[in-house]
Amino acid sequence: MFDLPVAVDLRTAARALGIGSTTAYRLIRNNEFPCPVLRVGGRYRIPTNELMRALGIEDGPLYSVDLELDTDGPGAGF
């Protein structure tokens with residue numbers, strides 16, 4: 001998800017939410033879509049950060065290890 005553009009199309013957002021396009025359009029029509037929806041011309045765009053928030057995904061990637069160099073470990077001093 002972190003490689004997605006700033007906004008995604010409705011089909012991509014629907015797939016991420018586990019719903020079909022028909023359901024997504026119905027939710028938009030009823031103002032019940034789980035995140036903000038932008039209308040650009042005749043198309044819907046969903047901000048990726050809002051989609052991730054609706055899915056319970058943090059704003060940035062989380063790493064299980066500290067990415068800072070370990071100065072005491074193997075390879076130290078290179």
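How many salt bridges does the structure hold? The structure holds one. A salt bridge here is a side-chain nitrogen of Lys or Arg within 4 Å of a carboxyl oxygen of Asp or Glu.

This is a predicted model, in which local features need pLDDT of at least 70, side-chain atom pairs count only at pLDDT 80 or more, and totals for chains, interfaces and linings use all residues. Residues are numbered from 1 along each chain as its sequence is written, and side-chain values use heavy atoms, with hydrogens and water left out.

Start with helix 1, residues 10–17. Helices (H or I, at least four residues) and strands (E, at least two) are DSSP runs, numbered from the N terminus. Leu-10, Ala-13 and Ala-14 are the buried residues of helix 1. Buried means under 20% relative accessible area, exposed over 50%, and partly exposed in between (1.4 Å probe, protein chains only). Viewed down the helix axis, these buried residues fall within an arc of 100°, so they line one face. The arc is taken from the directions from the helix axis to the C-beta atoms. They pack against strand 1 (7–9), helix 2 (21–29), strand 3 (43–47) and helix 3 (48–54), where contact means heavy atoms within 4.5 Å. The face turned away from the buried side carries exposed Arg-11 and Arg-15. Just after helix 1, Gly-18 takes a positive phi of about 80°.

Now return to the salt bridge. Glu-50 pairs with Arg-53, and their closest N and O atoms are 3.3 Å apart. Both sit in helix 3, three residues apart, so about one helical turn separates them. Glu-50 is partly exposed at 24% relative accessibility. Arg-53 is also partly exposed, at 44%.
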